[in-house]
Amino acid sequence: MSRLVVVSNRLADPRKPAAGGLAVALGESLARTGGLWFGWSGTVDDAAGPGEGQVHMRKAGSVTLATVDLNQEDFATYYQGYANSVLWPVFHYRLDLADFHSAYVDGYRRVNRMFAQKLLPLLRDDDTIWIHDYHLIPLASELRALGCRQRIGFFLHIPVPPPLILAALPHHPWLMRSLLAYDLVGLQSQADVSHLRRYLLSEMQAEELGDGRFAAHGRELRLQAFPIGIDVQEFERLGAAPEAVQTRTALHQEYSRRQLLLGIDRLDYSKGIPQRVRAFQQLLEKYPENRHSATLIMIASPSRDDVNAYADLRQELEGLCGAINGDYGDLDWMPLRYIHRVVARRRVPGLCRASRVGLVTPLRDGMNLVAKEYVVAQDPEDPGVLVLSRFAGAAEQLQEALLVNPYDTEGMADAIQTALRMPLHERQQRHARLMERIREHDVHWWRRSFLEALAAPAPAILNPPLE
Ligand code: F6P
């Protein structure tokens with residue numbers, strides 16, 4: 001059997017709580033198969049020059065972790081710069097927040113080339129290589145340029161915007177053409193597939209061959225949606241463990257006469273956090289019976305705080321939360337509990353289960369695994385209600401959630417009110433349907449179906465190396 005080699009910018013670090021669904025999902029996938037996990041060590045170290053990081057190897061069970069440090073310049077241009085100040089906003093439809101600098105794209109190319117050089121000697125002939133996310137789009141073409149002939153698949157965890165938004169990216173022809181070095185490209189949703197398909201046809205003059213196959217520049221590309229899932233059994237086990245149970249019991253006691261609403265996110269402008277707070281304010285205004293009885297717990301874990309747009313968001317949110325607590329709070333009740341820290345993963349199922357409403361309301365999101373975790377954590381006899389943005393990839397699958405438009409403050413307040421008042425039988429029915437789908441399309445289904453598709457016979461066109 002071929003060894004699995006996973007490459008991602010961020011690896012799960014057993015010593016630190018994970019922020020972001022990608023590292024958790026990959027950790028859980030690799031735990032099943034074993035293999036090699038390659039990526040950034042999370043350390044910025046100036047001992048080496050740009051593009052010259054050192055590789056560290058260690059074992060974690062059946063997985064070998066191979067990580068590379070980044071030099072300060074590489075970190076600033078590749079990670080903070082091109083990945084998080086260019087690709088992240090553009091792929092989340094936020095051209096207004098993109099900060100295009102040629103040093104950023106140079107750093108991005110340099111780090112991708114360095115990753116290819118460091119990874120190549122660790123590869124075996126029959127390895128299957130699976131590269132993840134927007135940090136590493138050109139990695140396969142760098143590997144191919146060094147002579148790598150193994151199968152390489154790519155999975156993009158974030159959304160693909162419509163073609164004209166992508167075309168605003170100054171280097172889009174180079175970036176998107178580098179996708180042709182992959183044998184298979186996986187995306188989160190059908191909407192993403194349709195956007196990339198239109199881009200390939202209109203901007204790359206690709207020929208559509210059917211079954212998600214496209215020919216361009218003498219190469220063939222396969223495109224397919226593989227919506228990522230969670231490890232349902234593992235999350236259920238976590239929910240039954242003492243720390244989750246204690247968290248739930250403590251919250252039940254503290255809020256015995258109140259209803260809890262919950263949001264858990266990275267503090268990111270794509271997550272629609274201020275919009276959610278305004279909708280909560282609107283709920284208190286329009287439906288005053290919720291004053292003194294509803295409390296919103298908002299956990300927004302720190303993320304990319306050296307990037308300006310994130311620092312601005314933090315300031316905005318702190319002002320907003322302070323104002324609402326000041327305007328509506330009382331001696332015995334505060335409407336909002338805003339926590340700007342990472343909450344231990346072990347406590348998440350307890351927090352979800354204690355909450356009558358789960359608010360997952362991003363402005364745009366690749367998938368959003370918190371939506372799935374919230375549903376799995378519920379008591380099927382007395383489940384809470386998921387209020388989900390229609391702009392999260394998860395909305396394609398989770399149609400029985402209350403779907404909302406996060407830009408519509410009043411509509412969202414109405415949906416929260418509906419969730420708070422929803423009769424038991426309706427909550428049970430919606431929950432049962434959501435559970436079925438989440439169970440069927442779990443993280444193991446995602447890994448298996450992607451890897452099976454990647455192992456399928458080679459394309460009709462013999463893929464020549466990219467020049
Ligand atoms: O899931 C999207 C994603 O950008 C991952 O690629 C990333 O690891 C995660 O969110 C958290 O962000 P960061 O690695 O920048 O802390």
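Two strands are taken as paired if DSSP finds at least two bridges between them. Helices (H or I, at least four residues) and strands (E, at least two) are DSSP runs, numbered from the N terminus. The model is predicted: local features need pLDDT of at least 70, side-chain atom pairs count only at pLDDT 80 or more, and totals for chains, interfaces and linings use all residues. Residues are numbered from 1 along each chain as its sequence is written.

Six strands form an open sheet with parallel pairing, in the order β13-β12-β11-β14-β15-β16. β13 (336-339) and β16 (402-404) are the edge strands; each has a single partner, so one side of each lacks a neighbour in the sheet. The twist from one strand to the next averages 20°. Here axes are lines fitted to C-alpha atoms, for helices over the stretch in contact, and angles run from 0 to 180 degrees between N-to-C directions. Eight bridges link β11 to strand β12 (residues 294-301) in the parallel sense. G263 has M298 of β12 as its bridge partner.

Helix α9 (residues 242-254) has 13 residues. Its first and last C-alpha atoms lie 18 Å apart, close to the 18 Å expected at 1.5 Å a residue; the expected span is 1.5 Å times one less than the number of residues. A244, T247, R248 and L251 of α9 are buried (20 or more other C-beta atoms within 10 Å of the residue's own; exposed means 12 or fewer, partly exposed in between, with C-beta atoms placed from the backbone). Seen down the axis of α9, the buried residues fall within an arc of 95°, so they line one face of the helix. The arc is that of the directions from the helix axis to the C-beta atoms. P242, T249 and Q253 are exposed on the other side of α9. The cover over the buried residues includes α8 (232-240), β11 (259-266) and α12 (348-353).

A second open sheet has 10 strands and mixed pairing, in the order β3-β4-β2-β1-β5-β6-β7-β10-β9-β8. β3 (55-60) and β8 (207-210) stand at its edges. Strands β2 (residues 35-44) and β4 (residues 63-70) run parallel and are joined by seven bridges. W37 stands opposite L65 in β4.

The domain assignment, automatic or from a database, gives domain 1 (4-225) and domain 2 (232-440). Their centres, taken over C-alpha atoms, are 30 Å apart. The contact (C-beta atoms, placed from the backbone, within 7 Å) takes 20 residues from domain 1 and 19 residues from domain 2.

Technical notes. Two residues are in contact if their C-beta atoms, placed from the backbone, lie within 7 Å.
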